[in-house]
Amino acid sequence: MVLKFLREHGISFDCYNHPEGKTIEEAKRWWRNDGSMHCKNLFFRNHKGNRHYLVCFDCNHDLDIHQLEHKLKDALVAQGLPSCGKLSFASPERMMRFLGLEPGSVSPFGLINDTENHVHLFIDENIKNAVSLSFHPNDCRGTVVISHDDFIRYLGIVGNTYEFITLY
């Protein structure tokens, strides 16, 4: 579905299949040395369970969830939006409901399935420096490599809100 969507919207990409890689450590065995920034994607819910956030960053970094809460809270409040409050990882059921994805396959391409544009995407500022990015195509047995510019074009087409934020 992801590849079809990208083709239908004239977005250039490369894709390759590989054995299952549900975690970054597993996937690293299969990634090609193609110069792209491989991204880690985490899906969160707020304390009330009425807001959901996808966080995308370079896979070579780790995030402290408490620091992440503060950064996201500050970013949202600065825009006059409700604070995210306490964050927790969204359940597999929520992941399926809002992104149409199973654990291990989370990526911004899941936003294709968020037809109500419920999920807000936070993208680490460092991603702006990448010439190309790579993500699962909503299946952890493949990798899509897309230019930064085409990724931004994709985000404009799916219509979810997103913002760049310094995460580390």
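Helices (H or I, at least four residues) and strands (E, at least two) are DSSP runs, numbered from the N terminus. This is a predicted model, in which local features need pLDDT of at least 70 and side-chain atom pairs count only at pLDDT 80 or more, whereas totals for chains, interfaces and linings use all residues. Residues are numbered from 1 along each chain as its sequence is written, and side-chain values use heavy atoms, with hydrogens and water left out.

Helix H5 spans residues 148-158, and its buried residues are His148, Asp150, Phe151, Tyr154, Leu155 and Val158. They cover an arc of only 160° around the axis, which puts them on the same side of H5; the arc is that of the directions from the helix axis to the C-beta atoms. Asp149 and Gly156 are exposed on the other side of H5. Buried means under 20% relative accessible area, exposed over 50%, and partly exposed in between (1.4 Å probe, protein chains only). After H5 comes Gly159, with a positive phi near 85°.

## Aromatic contacts

A search of the whole structure finds eight aromatic pairs. Rings of Phe, Tyr and Trp (its six-membered ring) pair if their centres lie within 6.5 Å; planes under 30 degrees apart count as stacked, over 60 as edge-to-face and the rest as tilted. The pair of Tyr53 and Phe122 is tilted, because the ring centres are 5.9 Å apart and the planes stand at 45°. Tyr53 belongs to strand E3 (residues 52-58) and Phe122 to strand E5, so the pair ties together parts that are 69 residues apart in sequence. Both Tyr53 and Phe122 are buried.

One aromatic cluster is formed by Phe5, Phe109, Phe135, Phe151 and Tyr154.

## Cysteines

The structure holds zero disulfides, a disulfide being a pair of cysteine sulfur atoms within 2.5 Å. The sulfur of Cys15 has its closest cysteine sulfur in Cys140, 13 Å away, which is too far for a bond. Cys15 is partly exposed, with a relative accessible area of 31%, whereas Cys140 is buried at 4% relative accessibility.
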